[in-house]
Amino acid sequence: MSRATQVAKVADREKTAGRLLKSSADKFYDPLIDIDWDAPTTDGLHYHPEHRISLYGTELWDRMTPEQRIELGKHEIASIASTGIFFEVLLMQMLLKQVYRHDPTTDHVHYMLAEIADECRHSTMFGKACKRFGAPAYGPRPWVKQLAKVLPALSRGPSAYAAILVAEEVLDRMQREHMADETLQPLIRMVNRIHVLEEARHVTFARQEVVQAMSQAGFLAKHYHRALTAIVSYFVMLSLVNPRVYAAVGLDPRKARKVARNNPHFRATLHYWGERIMKFLGEADLVGGPTMPLWRIAGLVK
Ligand SMILES: [Fe+2]
Ligand SMILES: [Fe+2]
C-alpha cells in the first residue's frame, strides 16, 4: 500500500471514529437508571417469540403446556443474553489490547474506550435481566469457556472483529424482532431496544475494521482469518442455547438438544439470525475454503 493510501485510510478511520464518538455522547442509556427493574412482569406474556424457541414445531413442543413453553422461552433468552455477556467480555479484552498498542490521543482510541464503556453497561444489563427473571446466566458450556481463553491471544485483525460481528449481528437480528413484538414482556423489549440502539455504532466500527484489514491481507493471512472466523462463529451459534435450559422446564437435556439440533424450524431461525452478517462476511471474502462445513453445522450456511 502506498504512503498516500495509508494516510487516507488513517484519515477515514479518524473520521468514522469521530462521528461514532459523537453518537456515543448523544445516544446512550444507563441500565441502572433507565430501566425500572422492579416493574412487575405481566402474566401470559412471552420472553422470546414462540417461533424462535429451539423446540418450536417439533413433536416434543406439541406435548408441552403453554406455561412450559413460556418458561422455556425465558430460559433460552437468559442463555442467549448470558452468551452475549461472554462475547462482550472477549470483545472488551481485545479492544483493551488495541488501546494499549495505539495512540491514546486519537479519536480511534477514544472510540474504542467508548465502546468498552457501552459493553460494560450492556453486560450489567443482561446480567440484571437474568436475575430479574430468576433464570441462571447459563453462558457457554464450561469447555467452550476454557477453549475461548486462547482467543484474545490468537485473534487479531479482521477475524477478531469478524467473529465479534457474528455475535453482535446475530443478537441484533433477534433483538430487532423482539423490540417490535407486543406479545413480549415490556422489560425484554426495553433491554433489546437499548442494545439495538447502541450496537449500531459497534457494527459500523467493526465492519470498517474488517474491510480495511482484509484489503491489506495477503494470501496466507486471508486463509487464516477465514478459518478463525468460521471456528469462532461455530462456537457463537453452538453456545446460544445451553442444553441446561431444557432441564429447567423438566425435559431431558440430551434428548431435547438432539431434537433442537434436527429441528428444521430452529435451523431456519439460526439462518435468519445470521443472514445479514453472512452477506457482509461473504462480500469481505471471509467465507470459503476448508472450513465451509463448520458454517453449515452452525446453521449459518444452507
Ligand atoms: Fe453489547
Ligand atoms: Fe457491541
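Ser82 is buried, with a relative accessible area of 5%, where buried means under 20% relative accessible area, computed with a 1.4 Å probe on protein chains only. Ser82 belongs to helix 4 (residues 66-101), helices being DSSP runs of H or I with at least four residues, numbered from the N terminus. The side chain of Ser82 reaches the backbone oxygen of Ser79 at 3.1 Å. Leaving aside neighbours within four places in sequence, Ser82 is in contact (heavy atoms within 4.5 Å) with Ala137, Tyr138 and Gly139.

This is a predicted model, in which local features need pLDDT of at least 70 and side-chain atom pairs count only at pLDDT 80 or more, while totals for chains, interfaces and linings use all residues. Residues are numbered from 1 along each chain as its sequence is written, chains are lettered from A and ligands numbered from 1 in the order in which they are written, and side-chain values use heavy atoms, with hydrogens and water left out.

Turning to helix packing, the axes of helix 8 (residues 158-180) and helix 13 (residues 264-283) come within 8 Å and cross at roughly 140°. That makes helix 8 oblique to helix 13, since angles under 35 degrees count as roughly parallel, over 145 as roughly antiparallel, 65 to 115 as roughly perpendicular and the rest as oblique. Residues making this contact include Leu165 and Val166 of helix 8 and Trp273 and Phe280 of helix 13.

Helix 8 also meets helix 9 (residues 186-216), their axes coming within 8 Å and crossing at roughly 150°, which makes helix 8 roughly antiparallel to helix 9.

Note on methods
Axes fitted to C-alpha atoms, helices over the stretch in contact; angles between N-to-C directions. Helix = DSSP H or I, 4+ residues; strand = E, 2+ residues; numbered from the N terminus. Buried < 20%, exposed > 50% of the residue type's maximum accessible area, 1.4 Å probe, protein only. Polar contact = N/O pair within 3.5 Å; in protein donor to acceptor, adjacent residues only side chain to side chain.
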